[in-house]
Amino acid sequence: MSSLIHLYLIDEDTYPANLTGDDESKYQTVLDITQQEGIRWQSIELNMRGFEPALQLWDAAAGNSNLLLVATFNFYPHKLLPPDADTSGTFGFFPAEMVQDFYSVMQQEYDFDIDSLEGKQIIQEIEQDGINEVNPDAYEMVRDKYFVTFRDAAKQNKSIAVIIEM
């Protein structure tokens, strides 16, 4: 079953500095603000079994920080919710400063050859546990959508929010 991964451009100041209520109500508020005030920039239709390994490969090619993966699934503006928040879904967020940093690395690594020895080693590490399999087409789609979103957000000094519809 495919999921829709939406990448939004948004100004971090659109979100409040703090919220009251339980985790789920805060989560719903953050979702509502993003969908009302953000601009849906790119969408990816892909199942999680294709998306996660593709994102891991792009993260490894663009610096191997694991930050791309973590921030895509579990990071909030102004740290409005903790990483272990009890919510009905995931929310990803990249502050404008992080967007700038990632984009500069993404520019340098966009043409990373996944068929090179280094690329094959990275793929082997991702596939090592037998759960994930890297699909080259999924990788290219994720790389391209993330690259365009980070490029445009960097030019506009915007943050990026990630909403995944499962």
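**View 1. Leu 4 of strand β1 and its bridge partner in strand β2.** In this predicted model, Leu 4 has Glu 45 of β2 as its bridge partner. This pair belongs to the contact between β1 and strand β2, which covers residues 39-46, and the two strands run antiparallel and are joined by 7 bridges.

**View 2. Strand β1 and its pairing with strand β4.** Strand β1 also pairs with β4, a strand made of residues 159-165, and here again the sense is antiparallel, with 7 bridges between them. Strand β1 itself spans residues 3-10, and because 7 of its 8 residues are buried, the strand is largely enclosed by the rest of the structure.

**View 3. Helix α1 and the side that carries its buried residues.** Helix α1 comprises residues 23-37, and its 15 residues should span 21 Å at 1.5 Å a residue, which agrees with the 21 Å that separate the C-alpha atoms at its ends. The buried residues of this helix are Lys 26, Tyr 27, Val 30, Leu 31, Ile 33 and Thr 34. They cover an arc of only 165 degrees around the axis, and therefore lie on the same side of α1.

View 4. When neighbours within four places in sequence are left aside, the residues in contact with Tyr 27 are Tyr 76, Leu 81, Thr 87, Ser 88, Gly 89, Thr 90 and Phe 91. Although Tyr 27 and Glu 165 are 138 residues apart in sequence, their C-alpha atoms are 14 Å apart in space.

View 5. Ser 159 belongs to strand β4, and with a relative accessibility of 1% it counts as buried. A polar atom of the Ser 159 side chain lies 3.1 Å from the backbone nitrogen of Ala 96. Apart from neighbours within four places in sequence, Ser 159 is in contact with Tyr 8, Leu 9, Ile 10 and Glu 12, and also with Phe 93, Phe 94, Pro 95, Ala 96 and Val 99.

Technical notes. Residues are numbered from 1 along each chain as its sequence is written. This is a predicted model: local features need pLDDT of at least 70, side-chain atom pairs count only at pLDDT 80 or more; totals for chains, interfaces and linings use all residues. Side-chain values use heavy atoms; hydrogens and water are left out. Buried means under 20% relative accessible area, exposed over 50%, partly exposed in between (1.4 Å probe, protein chains only). Helices (H or I, at least four residues) and strands (E, at least two) are DSSP runs, numbered from the N terminus. Two strands pair if DSSP finds at least two bridges between them. The expected span of a helix is 1.5 Å times one less than its number of residues. The arc is that of the directions from the helix axis to the C-beta atoms. Contact means heavy atoms within 4.5 Å. A polar contact is a pair of N or O atoms within 3.5 Å; within protein, one must be able to donate a hydrogen and the other to accept it, and residues adjacent in sequence count only if both atoms are side-chain atoms.
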